[in-house]
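Here are my notes on this entry, point by point. Please read them with the coordinates open.

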Amino acid sequence: MLLSLFLRRAEDQAKYSFFTTLTCNANATSTINFQTVINMVISALPEYPQHAKSTYPEICEDVRALCKQNRLREALHILHFMDRQSIRPDSYTYAALLQSCISLKAITEGKQVHAHTFLTGSNRDDFLETKIVIMYINFGYLEVARQVFDEISERNVVSWTAMIAAYARHGPEEALALFYQMQGMGVQPNEFTFASILPACASLAALDCGKDIHEAIIRNGFQGDVFVGNALVDMYAKCNSIKDAHEVFEKMTERNIVSWNTLIAGYAHNGQVEESLKLFQNMPERNEVSWNAMISGYVHNGCFDESVNLFGEMQRTGVKPNVETFASVLKACASLAALHKGKVIHGSIVKSGFQFNVFVGSALVDMYAKCETIEDACRVFDEMPFRNVVSWNAMIAGYAQNGRAGEALKLFQQMTQRNTISWNAMIAGCAQNCLLGEAIQLFQEMPEKNLVSWTAMISGYTQNGLFDEALKLFLQMQHTGLMPNSDTFASILPAFANLAALHEGKEVHEDIIRKGLQSDIFVGNALIDMYAKCGSIGDAHRVFNSMPRQNVISWTAMLGGYAMHGYGKEALQLFEKMQNAGMKPDHITFVGVLSACCHAGLVDDGWHYFNSMSQDYQIIPSVEHYCCMVDLLGRAGQLDEVGDFIKKMPVKPDAIVWGSVLGACRVHTNIELGEYAAERLFELDPENAAHYVALSNIYATAGRWNGVEKVRKMMNDRRVEKKPGCSWIEVSNKVYTFLKGDRSHQHTPEIYEMLEMLSGQMKEAGYVPNTNFVLHDLEEEHKQTFLCHHSEKLAIAFGLIKTLPGTTIRIVKNLRVCGDCHSALRFISKIVAREIVVRDTNRFHHFQDGQCSCGDYW
């Protein structure tokens, strides 16, 4: 078994020529026995002609003295002399030699000393065997260390602790098994044992197990030990029990700088970066680890500006950044797309001499790629003297993020050594570049999938609009035994949002709470978006308020939620709060602000915020912002201003801009401008049936049936098919679909009976059908019947039949709600005393007590 110790790793064997000779000779025969190998090892030791001292204690003392000075080769000379003189070294001499091998990372010599203990019969010394175990652990030979450990006749707490500590890093389940086995054999753990086993609990997020060990620590009287206390703080923090971590910290009779750093990192890990900052500011002394914990904590929580600012403060105080510092702050610059700051930090890296460090180089590649300067990323990658798999992965991801998936795939194929991260980066890259087929193929072909692989594929489906497939894969992943993490939840929640699957989204939210991930800022942002898009703006607001901290995405998601639900004033009030909180809005935030003004008809406010973008925040308006302004002016009936505004736009109006103009012309029956906008749309987006329908609507409202017929003929000639109106309602965890005039449902008789009853009650309450929304030249009575059977009315009638009184009815429609249905739903909400929430392609409508949240401005 131990022969493999001398034949492992060619690079170790080639380090010294005498060991190379040894292994070659050993491989020359298959019948060589272990004693022969030992003799070969000893004979390979350098010759030492004569030692000046001859007494046993003096010689051993000389060896130990040389080892303390790390003069290992000279010590081995004396060992050879002792062997020739038949002088057996004592355990302490061997221990000194082994420690010197550890210090110098002299793997080959360490193996030789181990072999020598067999020759002298010292290999059965428990003290010495424990030292050998420690040596192999330090060399990374965990399996060999375990073999030696298992052969120790009387294992003491030191040997047990050494193995437990090693497994805590490289096999936490086995560490826990050894810990309990140790106690079962009557060996009592000491403070070092406890400090070694707690990281295993942290790695496994095994909170209950960690609490049991905490109780054992108290029983054994080690709660006052600073190392044990630090390990407890770390364990509780990583198990998402930050309150317990803080309690341990407060009760510690002695704290060192590690105690403070551990709790700072713990709060940041749990999304409470403000608490981290308080500790950081109050700690009695700081080292580079303290600064790194705070900088990386900011990055972990999405506080990228704060991270970069703290890095500057660190430099001003004279604390020198290290590799970890630069890697963290570069990640912040990458997330901010802050190219200038990234280049300044690159200069600091060169001055500090870290430009050739592989981890810093990889972070630079990532930063330049995310700042969309892929050529700079390539230059850094090409100039790296040594690249590891992280470097290759960063370059692959960089190509993919910059729309160069072909080059990413080419680089991926050139890699001689791929890991799971390589495959994951390639899957994510293909999905981001709409190469979903290639992403699926890579996912199926990869040799080993981890949680990140599944998450990347789930995210790929959601990014490409395949929400049902994302949900199926999410369930399939869980069936494999993998448990979702914060990234997985943040990837799957958009699928629930776009499917308006509120019930399933709430179930996932409950799972998030059970796993203690509700404080994660990315999960929180995804939950806000999910609830808002599922029509539950109140739940979105509660999630927003419960978050330990919000970033610009949190505020923007909540603000956008208010806007799409028609709560324009609430959205603007939230924007003011955001500014007062010191949060700097970005270009997406202003899209939400202008959208809120648009939905609420706040023209003056819209102009104010549009001008504020460039004047106060130096944000250049994009086509999305111009589109919002066109929509705002158009909805307000200021169609002349719309024409002037479009002429002055520095960007070319796209289909969305002209679509807003056409929509405004439909509302205000402006045929001339509507025809002009429609012509532009037929050029830009000729296959979109919605544009033809909108123009036909304008003609029908004006009674120009020849125009309606002309549009219909145009659609037939161009083979453009109108999307049929379709509405969905979820009842008892099942989704039911209705088309206009649908009579295929098993409850059709009850549905139409309910509609008849509601129709009579609505007319008694003053409802008058708006037949302008019927695009056919029919008799008035037929038009009214036609309107009565729109899909959303059928869905609501079914909901009234199948849900309890007082229950909110939630409907999703694939088209814009027509004006007549909008009027009818106001009456129905008052008659049945229910809240009715309808999500169409433009926004949400909350009907309650005869009113709509849009204020009939839509």
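1. Which residue has its charged end over the ring of Phe249, and how far is that end from the ring centre? The residue is Arg255, and the distance is 4.2 Å. Keep in mind that this is a predicted model.

2. Aromatic pairs come next. The count is 29. Take Phe194 and Phe222: their ring centres are 5.9 Å apart. Their planes meet at 55 degrees, so this pair is tilted; edge-to-face would need over 60. Phe194 sits in helix 13 (residues 191-204). Phe222 sits in the loop between helix 14 (207-219) and helix 15 (226-238). The two are 28 residues apart, so to speak of this contact is to speak of a link between distant parts of the chain. Both Phe194 and Phe222 are buried.

3. Phe544 and Trp555 form another aromatic pair, this one edge-to-face. The centres are 5.1 Å apart and the planes stand at 80 degrees. Phe544 belongs to helix 34 (residues 537-546), and Trp555 to helix 35 (residues 552-564). Eleven residues separate them.

4. Six strands form an open sheet in the order 2-1-3-4-5-6, and the pairing is mixed. Which strands stand at the edges? They are strand 2 (734-739) and strand 6 (851-852). Each has a single partner strand, so one side of each has no neighbour in the sheet.

5. Look at one pairing in detail. Strand 1 (residues 726-731) runs antiparallel to strand 2, with six bridges between them. Glu730 has Val735 of strand 2 as its bridge partner.

6. Last, helix 24 (residues 374-383). Its buried residues are Ile374, Asp376, Ala377, Cys378, Val380 and Phe381. What do they pack against? The partners are helix 22 (339-352), helix 23 (358-370) and helix 25 (389-401). When reading such a list, recall that an α-helix has 3.6 residues a turn, so residues three or four places apart point the same way.

Notes
Residues numbered from 1 in each chain as written. Predicted model: local features only at pLDDT ≥ 70, side-chain atom pairs only at ≥ 80, totals over all residues. Heavy atoms only, no water. Buried < 20%, exposed > 50% of the residue type's maximum accessible area, 1.4 Å probe, protein only. Helix = DSSP H or I, 4+ residues; strand = E, 2+ residues; numbered from the N terminus. Contact = heavy atoms within 4.5 Å. Pairing = 2+ DSSP bridges. Phe/Tyr/Trp six-rings, centres within 6.5 Å; stacked < 30°, edge-to-face > 60°. Lys NZ or Arg CZ within 6 Å of the ring centre and 35° of its normal.
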